[in-house]
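Please look over the model below before reading on. The numbered points take the sheets and then the chain contact.

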Amino acid sequence: MTAGTRTRLPGLVLVSPLLLILLFAFIAPALLMVPLSLREYVPGSGISANWTLANYTSIVTDEYFREVVVRTLVLGFGVTAICLLLGYPLAYFIAHSGPTMRLTLTMLVIFPMLLNLVVRSFGWIALLANRGLINNLLIDVGLIERPIRMMFNLFGLLVGMSHIFLPFMVLMLVPAIQAIPKDVQSAAYTLAASRLRVFWSITLPMSAPGILSGSILVFVLTISALVTPRMLGGPTYKVMATLIYDDFLQTLDWPAGAAMSFALTALTMLVIGVSSRLMKRWGGQA
Amino acid sequence: MPALTLDRLEKRYAEHTAASSVSLSVEDGEFISLLGPSGCGKTTVLRMVAGLIEPTGGRILIDGRDVTRLPTNKRNIGLVFQSYALFPHMTVFENVAFGLRRQGVDGADLKRRVDQALANVRLDGLGDRMPRQLSGGQQQRVAVARSIAPRPSILLFDEPLSNLDASLRDQMQIELKRLQREVGITTLFVTHDQGEAMSMSDRVCVLAHGVVQQFDTPEAIYHRPATGFVASFIGRPNRFKGTVQRAGVQVDGGPWLPAGVGALNGLPEKTAVDAVLRQEDVRFLRADESAGFVLDGRIALRAFVGSRVQYVVAVGGIELIAEAQTNGAHAALDIDAAVRLAVDPQHVYVNAAQPQEAA
């Protein structure tokens, strides 16, 4: 027995309960969906016995499906980018503040997560609706005559979901920024680097692990989110997650829903794989 | 004009003073060590010179220019950290090139100077490696190359060798000394290791409690310690508590020791004092030899440490450590053997008792 297997064996024992649960509650049902996604769906009569690839090919060929996929990706990247841009300065500030301030700010960041997701999404409806707070205010002030459409479109979803997932980004970034040794930044200063240069060349690339994990987390949460896109997107402005939900529970087109689920999973893994590779090269861990 | 002048430099915190009225003048090309126990303020002084800590008083002049309020990146200094502090996401080449790029050096000139710096620390051809692919000693050399490449006015070392193992440390000491000679950069070297400070420096500045105890050549520091602290910190000291009596020190519960001319510094009789007698200053006498002052003792323990043998000798109620050369006449004394020890009064250093002074 080599040292490697000796040390790995207790680890396997430790994770095995979780492994078993995942196997039966997650992997097996997921695999059962593979044949389902290859069945033909006949409107009116349901799932037929015929095999077909149409459920997959239509995702690429059908213009409507294509639009939903692109919209989901744009939303995923958009929310991730917004969370990163808004979250990094905040995380940087928290990481560099004193213990009391850090605790206070961290609590403030976590606080919105204590509220129910539906409540938070509904809050955005109250703000963004045609007769909502913002439109009413702008009309009363006289800046606009007709309400601006801020819901049931990309804008509404970007705003709502960025708000909801921002804490995750900040919570991932803070420890990564804190982990950068102060000496390394001081070393850059002694080499005549300006503050901006130290940030761009040292701090930012060295926080790459946090940027990567935060971005992956926010991206995955965004493209798989159901409640918020449902509420802020309405019945017509769909993303992949809401489409899958409707396939399974409204139109009962399970094969199409299963195929779309696999497409979503594949997309997620592709994005995570590529971004990890790029980040590691940038952060010097390749 | 001195390359570096510290003028009554001071750093006070709410609870304690890390440096008080530190004044130094360092000549161009000199190698200076700041030596002291941990917490003596040596790193604080170094970081104030680097601009990483803001002094609460005094001035810092580099090449005659007052830099006290200048930010770190405008001081033209090089700093080698104890933790190396390399940029982990950059190649060795880019690490060394970082400071040069800030000076606007690029192209063939940049490559030539990076290669030169890497050659200086004998790391030729490793430019493409990442820092984590190098050993600790190699990483330390990269840190040195990175700090010398932009040709700083002053090179600062913050305990750079304490993370290396002993044999590598000895080797790096010699290499750093040689490199400093070759490059000729004025150097300020912080260390708690007296051997390191003594062997590398032109002059040593001993610090304790944020106060300069002595600033002189290694020889002078060793042979003519200015304060009791220096005497007890440098070399391998026997420390005694006692009182002043008859131009000497009556050790508590032990023998009387003579003190040299001026050693008592005008301390009155019966003053509580700390006395220091270095292990290497105690001399074993042969049977036919005599000396001005002799202690009779008995060997209690023997320890062989390579080039010398250390004996714990019981002398009149106390124990002291004395050394003999391994190849000398007293290398093989037995336990309980009676010995006679010669003590030169000039080697007994006396200082008024300062109970908090634990080196």
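1. B:Ala314 has B:Glu319 as its bridge partner in β18(B). Strand β17 of chain B (residues 308-315) and β18(B) run antiparallel and are joined by eight bridges. Strands here are DSSP runs of E, at least two residues, and helices are runs of H or I, at least four residues, numbered from the N terminus. Two strands pair if DSSP finds at least two bridges between them.

2. This is a predicted model: local features need pLDDT of at least 70, side-chain atom pairs count only at pLDDT 80 or more, and totals for chains, interfaces and linings use all residues. Residues are numbered from 1 along each chain as its sequence is written, while chains are lettered from A and ligands numbered from 1 in the order in which they are written.

3. β17(B) and β18(B) belong to an open sheet of five strands, ordered β15-β19-β16-β17-β18 in chain B, with antiparallel pairing. Its edge strands, β15 (283-284) and β18 (318-325) of chain B, each pair on one side only.

4. Chain B also has an open sheet of four strands, in the order β2-β1-β4-β5, with antiparallel pairing. β2 (17-26) and β5 (65-66) of chain B are at the edges with a single partner strand each, so one side of each has no neighbour in the sheet. Six bridges join β1(B) (residues 4-12) to β2(B). B:Leu6 has B:Leu24 as its bridge partner in β2(B).

5. The contact (C-beta atoms, placed from the backbone, within 7 Å) takes 17 residues from chain A and 20 residues from chain B. On the side of chain A that touches chain B, α8(A) gives the most, with seven residues.

Technical notes:
Contact = placed C-beta atoms within 7 Å.
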